[in-house]
Amino acid sequence: MSLEIHYTPKAKKSLQFLHAFITEKFGKRRADKFIREAEKTILLLKEQPYLFKKSELGEHIRLGLISRYTSFLYEVTNTRIILHFFWDNRQEPFYD
């Protein structure tokens with residue numbers, strides 16, 4: 001099973017925000033490492049879409065983990081994986 005990955009505009013924006021935040025706090029090298037870790041995790045989802053646990057937001061919404069510091073919400077459909085939002089676990093997630 002290999003599903004297409006789709007980033008919502010909110011997912012793109014929140015991922016860019018995290019990259020900028022990590023760059024500012026820890027440097028570009030660490031921020032780029034974070035992006036590589038995120039890409040690796042997302043590629044795993046293509047083959048194992050149900051890798052992470054269900055969230056309380058809905059039956060098809062799942063809570064993924066990139067590192068102990070960063071998580072994301074995604075949805076599995078018949079044809080694709082929709083990435084909804086990324087956040088830093090040390091902060092309250094802002095999802096509207």
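**Figure 1. Span and faces of helix 1 in the predicted model.** The 18 residues of helix 1 should span 26 Å at 1.5 Å a residue, and the 25 Å between its end C-alpha atoms agrees with this; the expected span is 1.5 Å times one less than the number of residues. Helices (H or I, at least four residues) and strands (E, at least two) are DSSP runs numbered from the N terminus. This is a predicted model, in which local features need pLDDT of at least 70 and side-chain atom pairs count only at pLDDT 80 or more, while totals for chains, interfaces and linings use all residues. Residues are numbered from 1 along each chain as its sequence is written, and side-chain values use heavy atoms, with hydrogens and water left out. Ala 11, Ser 14, Leu 15, Leu 18 and Ile 22 are the buried residues of helix 1. These residues cover an arc of only 100° around the axis, which puts them on the same side of helix 1; the arc is that of the directions from the helix axis to the C-beta atoms. Pro 9, Lys 13, Gln 16 and Glu 24 are exposed on the other side. Buried denotes under 20% relative accessible area, exposed over 50%, and partly exposed the range in between (1.4 Å probe, protein chains only). An α-helix has 3.6 residues a turn, so residues three or four places apart point the same way. Gly 27, with a positive phi near 105°, follows helix 1.

**Figure 2. Surroundings of Ser 14.** Ser 14 belongs to helix 1 (residues 9-26) and is buried, at a relative accessible area of 8%. A polar atom of the Ser 14 side chain lies 2.9 Å from the backbone nitrogen of Phe 86. Neighbours within four places in sequence aside, Ser 14 is in contact with Phe 85 and Phe 86; contact means heavy atoms within 4.5 Å.

Figure 3. The open sheet has four strands in the order 1-4-3-2, with mixed pairing. Strand 1 and strand 2 are the edge strands, each pairing on one side only; two strands pair if DSSP finds at least two bridges between them. Neighbouring strands are turned by 35° against each other on average, direction ignored. Strand 1 and strand 4 pair in the parallel sense over four bridges, and His 6 stands opposite Ile 82 in strand 4. Helix 1 packs on the sheet, touching strand 1, strand 3 and strand 4, and its direction makes about 35° with that of strand 4. Axes are lines fitted to C-alpha atoms, for helices over the stretch in contact, and angles run from 0 to 180 degrees between N-to-C directions.

Figure 4. Helix 2 (residues 28-47) has 20 residues and reaches 30 Å from its first C-alpha to its last, close to the 28 Å expected at 1.5 Å a residue. Its buried residues are Ala 31, Phe 34, Ala 38, Thr 41, Ile 42 and Leu 45. Seen down the axis, the buried residues of helix 2 fall within an arc of 100°, so they line one face of the helix. The face turned away from this buried side carries the exposed residues Arg 29, Arg 36, Lys 40 and Leu 43. Helix 2 lies across strand 1, strand 2, strand 3 and strand 4, and runs at about 140° to strand 2.

**Figure 5. Asp 88 in strand 4.** Asp 88 is located in strand 4 (residues 80-88) and is buried, with a relative accessible area of 3%. Residues up to four places away in sequence aside, Asp 88 touches Leu 18, Phe 21, Tyr 69 and Thr 70.

Technical notes
A polar contact is a pair of N or O atoms within 3.5 Å; within protein, one must be able to donate a hydrogen and the other to accept it, and residues adjacent in sequence count only if both atoms are side-chain atoms.
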